[in-house]
Amino acid sequence: MRRIALLSLSLALAGCGSANEGTLTDEDGDKVGTYEIDGGETRASITDEDGTVTTLAAGEQVPVKLPQGFSIAPGLKVLNNTHVERDGGSFVLLTMQGDMPVDEAIEFYRKQAEAAGVQVNVDIVTGESTTIAGEGKGGLAFSAMASRSGDKTAVQLTLNQGLK
């Protein structure tokens, strides 16, 4: 739980925008990690009591690292990328935007997920928004949400591979 709170703090600090760095402490004041914010990009490293290191990188400048078989849909621009790694697992949250219609964006990511062995078992359509989700081989959890606003489609892709 402490890890989640510290990562949330790191994400909140990402909005500050200017160069900044510091130390993350637990509720007892003990150092558990470090963070650095530079031009809209946040990087943090946190060490648990057992020595497990969790790293986070968030911002539009963070290089996109997706699991094999996944890519950014043509015409979508990455607005924000959050990447967390710990103990061999990874979590990616991409926020994108473009001209692609909602149904095309969802179909693009559905095909990638199914090709990666994900069984898509959630399919929710509400107005101008569609969400799909499922789980697959090796503990891969997947979700994609697309919604239309005006002439743009916003897409959020979440991939979690072995991170608990």
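Reader: What should I know before I start?

Author: Residues are numbered from 1 along each chain as its sequence is written, and side-chain values use heavy atoms, with hydrogens and water left out. As the model is predicted, local features need pLDDT of at least 70 and side-chain atom pairs pLDDT 80 or more, while totals for chains, interfaces and linings use all residues.

Reader: How do I read strand pairing, and in which sense do E8 and E9 pair?

Author: Strands are DSSP runs of E, at least two residues, numbered from the N terminus; two of them pair if DSSP finds at least two bridges between them. Here E8 (residues 129–135) and E9 (residues 140–149) are antiparallel, with 7 bridges. Ala133, for instance, has Ser143 in E9 as its bridge partner. Their hairpin has 4 residues between the strands, and Gly138 takes a positive phi near 65°.

Reader: How many bridges join E9 and E10?

Author: There are 10, again in the antiparallel sense, with E10 covering residues 152–161. Ala141 stands opposite Asn160 in E10. This hairpin has 2 residues between its strands, and Gly150 in the turn has a positive phi of about 65°.

Reader: Is Asn81 buried or exposed?

Author: Buried means under 20% relative accessible area, exposed over 50%, partly exposed in between (1.4 Å probe, protein chains only). Asn81 is at 1%, so the residue counts as buried. Asn81 sits in strand E5 (residues 77–86).

Reader: What does Asn81 touch?

Author: Contact means heavy atoms within 4.5 Å. Beyond neighbours within four places in sequence, the contacts of Asn81 include Ala57, Val62, Pro63 and Leu93. A polar side-chain atom of Asn81 also lies 3.1 Å from the backbone oxygen of Val62.

Conventions
Polar contact = N/O pair within 3.5 Å; in protein donor to acceptor, adjacent residues only side chain to side chain.
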